[in-house]
Amino acid sequence: MINYIEKYHHHIYYSLVLLCFGIFVIQRIDFFTLKIGTAFPVLLVPAVAAIACFLREWTGFISGLLCGIALDTVTNGTLYFNTFVLMLLGVTVGLIFRYFLNRNIKAMIIVSIFTSLVYFLLKWLFLDLLPGDPSALQMLLKYHLPSAAYTALFAIPFFYYVKWLCKKHLIAQ
């Protein structure tokens, strides 16, 4: 069995924290919106997936935890929803890429579609349907599904950026 554990310089983690913080801040600026119609992407979801793709499950766990906490601090009424779901998605994506999939763009697109759908379906289930919102089905069709599709598209630039960072900070063995 080939042991291909990659070691990265600690600067990659600083770069990834700055990436997530920059995404978080840019998405909170009112005049800089990425909204198209009713679809509003949550850019931290594909960022966590791309980080977990290359740096595996523990880094996916930590990045999901930090990004989820950041989202929960500015989102009203979520009660740790983003923290739990992004943490779970980070670990899951890291494990999927460790044991089942190769790290290529096709696999990342498939996983990004999966993570975006899971995030927005769980958001719809726990924040719209279970509380008894009478317009829950309309919210799913009008807001959550278009937002999931739109969010999944952002995995492509994040995949290539994290890949570039990993190549830049790889420690030769």
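Cys 166 is buried in this predicted model. Its relative accessible area is 5%. Cys 53 is also buried, at a relative accessible area of 0%. The sulfur of Cys 166 has its closest cysteine sulfur in Cys 53, at 8.5 Å. A disulfide would require the two sulfur atoms to lie within 2.5 Å, so the separation of 8.5 Å between Cys 53 and Cys 166 is too far for a bond. The disulfide count is accordingly zero.

Cys 53 also takes part in a helix pair. It is one of the α2 residues that make the contact with α4. Helix α2 covers residues 44-74, and helix α4 covers residues 105-129. Their axes come within 15 Å and cross at roughly 25°. Angles under 35 degrees count as roughly parallel, and α2 and α4 are therefore roughly parallel to each other. The crossing is right-handed. On the α2 side, the contact is made by Val 45, Pro 46, Ala 49, Ala 50, Cys 53 and Leu 71. On the α4 side, the residues are Met 108, Ser 112, Thr 115, Ser 116 and Tyr 119. Eight residues of this contact are nonpolar and three are polar. No charged residue takes part.

Ser 116 belongs to helix α4. Ser 116 is buried, with a relative accessible area of 0%. Beyond residues up to four places away in sequence, Ser 116 touches Val 45, Ala 148, Thr 151 and Ala 152. Of these partners, Val 45 is listed on the α2 side of the contact between α2 and α4.

Helix α4 also meets helix α6. The axes of α4 and α6 come within 10 Å and cross at roughly 130°. The two helices are therefore oblique to each other. The crossing of α4 with α6 is right-handed. Helix α4 contributes Ile 105, Met 108, Ile 109 and Ser 112 to the contact. Helix α6 contributes Ala 155, Ile 156, Phe 159 and Tyr 160. Seven of the contact residues are nonpolar, one is polar and none is charged.

Val 162 lies in helix α6, which spans residues 155-168. Val 162 is buried, with a relative accessible area of 0%. Leaving aside neighbours within four places in sequence, its contacts are Leu 16, Leu 19, Ala 50, Ile 51 and Phe 54. Among them, Leu 19 is 143 residues from Val 162 in sequence. The C-alpha atoms of Val 162 and Leu 19 are 9.5 Å apart in space.

Thr 83 is placed in helix α3, residues 81-99. Thr 83 is buried, at a relative accessible area of 10%. Its contacts are Gly 64, Leu 65, Gly 68, Ile 69 and Asp 72, with residues up to four places away in sequence not counted. Ile 69, one of these partners, is found in helix α2. At 39% relative accessibility, Ile 69 is partly exposed. Ile 69 and Phe 81 stand twelve residues apart along the chain. Their C-alpha atoms are separated by 9.2 Å.

Most residues other than glycine have a negative phi. Arg 56 has a positive phi, near 70°. Tyr 80 likewise has a positive phi, of about 65°, although it is not a glycine. Arg 56 is placed in helix α2, whereas Tyr 80 sits in the loop between α2 and α3. Arg 56 is buried, with a relative accessible area of 11%. Tyr 80 is exposed, with a relative accessible area of 60%.

Note on methods. Residues numbered from 1 in each chain as written. Predicted model: local features only at pLDDT ≥ 70, side-chain atom pairs only at ≥ 80, totals over all residues. Heavy atoms only, no water. Helix = DSSP H or I, 4+ residues; strand = E, 2+ residues; numbered from the N terminus. Buried < 20%, exposed > 50% of the residue type's maximum accessible area, 1.4 Å probe, protein only. Contact = heavy atoms within 4.5 Å. Axes fitted to C-alpha atoms, helices over the stretch in contact; angles between N-to-C directions. Parallel < 35°, antiparallel > 145°, perpendicular 65-115°, else oblique. Left-handed = near helix turned anticlockwise from the far one by under 90°. Nonpolar A, V, L, I, M, F, W, Y, C, P; charged D, E, K, R; others polar.
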